[in-house]
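Hi everyone, thanks for coming. Please have a look at it with me.

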Amino acid sequence: MLLHDTALVYGRYLRQSLRSRFALLFGVLTPLLYLLFFGPLLTGLPLGGQGSSWQLLVPGLLLQLALFGASFAGFTIIIEKGQGVVERMRVTPVSRLALLLGRVLRDATLFVFQAVLLVLAALVMGLRAPLAGVLIGFAFVALLTVSLAALSYALAMRMDTPQTFGPTINALTMPSMLLSGLMLPMTLGPAWLDVLSRLMPFRHLVDAMRDAYVGAYATAHMLYGTVVAVGLAVLAVTVGTRVFRTAGA
């Protein structure tokens, strides 16, 4: 029944998203602008890492897409609570885990699709990366989306207005982006900033994806990144399910 319920919820929200094609395309607009206008500035610069500047920049942009997109996914819960959708779901026998999984899997599908578009644009710009590394990168995007979307929905269940939800998410995502080295390797900065960034779980995902994009798969970065990505996803889904259950969603 869990698989059946998850498929029902997933299909419902995926159909809603597909009806808004402009939202699908505009979701990838910000990282695409970074790719077009920021990427050429890095060409030929000594960035202190393996591979080309594109192999350093594109993994960061893919994770930035998941970070900002999935973190704001909870806005839909706030809207649904105001429209009474959550209240109607409360009286159904659908599993609370399925209500969460259907949503986060829809988000993962959308952001992986947008990540594919971004990689295709990067290939035109000059990115060269092994296919296995690119596919591993998509897996990291999916796991990060599941983690952040689940936490975003859980947080939104505890809030009533977008005016409180939006600033809270901004306060969490901006430091995460700046300290994770999404745009440039943190090793370029002072030692204290590099050490501080290692406390951010997203830093390990960035390092792992950059290794994958240069074809280095059996590395410590890959191991740490995989453990962090999977562990964070399991923890986030567990927390999100508990909130959905106690909140009666």
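Leu63, Leu67, Leu144, Ser180, Leu182 and Phe202 line the largest cavity. Before I go on, please keep in mind that this is a predicted model. How many cavities of 30 Å³ or more are there? The count comes to 1, and the space inside the largest cavity is about 30 Å³. If you sort its lining by class, you get 5 nonpolar residues, 1 polar residue and no charged ones.

The largest pocket has a volume of about 510 Å³. It is lined by 23 residues, and those closest to its centre are Ser17, Thr76, Arg106, Asp107 and Leu110. Which helices take part in that lining? Helix 1 (2–18), helix 2 (21–26), helix 4 (53–71), helix 5 and helix 7 (96–125) each give at least two residues. Helix 7 has the largest share, with 5 residues. And the classes here? The lining of the largest pocket has 11 nonpolar, 8 polar and 4 charged residues.

The structure holds 3 aromatic pairs. One of them is tyrosine 34 with phenylalanine 38, an edge-to-face pair with 6.4 Å from centre to centre and 90 degrees between the planes. If you find helix 3 (residues 29–42), you'll see both of these residues there, 4 residues apart, about one turn of the helix.

Why does phenylalanine 75 count as partly exposed? Because its relative accessibility is 25%, and buried means under 20%. Phenylalanine 165, at 0%, counts as buried. There is one more member to point out here, as ring pairs link Phe72, Phe75 and Phe165 into a cluster.

While we are at helix 5, let me show you isoleucine 79, which lies in that helix. Isoleucine 79 is partly exposed, with a relative accessible area of 47%.

One more ring before we leave the topic. The charged end of arginine 12 sits over the ring of tyrosine 13, at 4.8 Å from the ring centre.

That brings us to the charged pairs. Side chains of opposite charge can pair when their charged atoms come close. How many salt bridges are there? The count comes to 6. In one of these salt bridges, arginine 103 meets glutamate 80, and the closest N and O atoms are 2.9 Å apart.

Finally, let's go to aspartate 194. Aspartate 194 forms a salt bridge with arginine 198, with 3.3 Å between the closest N and O atoms. Aspartate 194 also meets arginine 203 in a salt bridge, at 2.9 Å from N to O. As for accessibility, aspartate 194 is buried at 13%, arginine 198 is partly exposed at 41%, and arginine 203 is buried at 4%. Salt bridges that share partners bring Asp194, Arg198, Arg203 and Asp207 together in one network.

That's my tour, and thanks for following along. I'm happy to go back to any of these spots with you.

Conventions. Residues numbered from 1 in each chain as written. Predicted model: local features only at pLDDT ≥ 70, side-chain atom pairs only at ≥ 80, totals over all residues. Heavy atoms only, no water. Phe/Tyr/Trp six-rings, centres within 6.5 Å; stacked < 30°, edge-to-face > 60°. Buried < 20%, exposed > 50% of the residue type's maximum accessible area, 1.4 Å probe, protein only. Lys NZ or Arg CZ within 6 Å of the ring centre and 35° of its normal. 1 Å grid on protein atoms, 1.4 Å probe; cavity = no way out; pocket = protein on both sides within 12 Å on 5 of 7 lines; lining within 4 Å. Points joined across faces, edges and corners; volume = space filled by probe spheres on them. Nonpolar A, V, L, I, M, F, W, Y, C, P; charged D, E, K, R; others polar. Salt bridge = Lys/Arg side-chain N within 4 Å of Asp/Glu carboxyl O.
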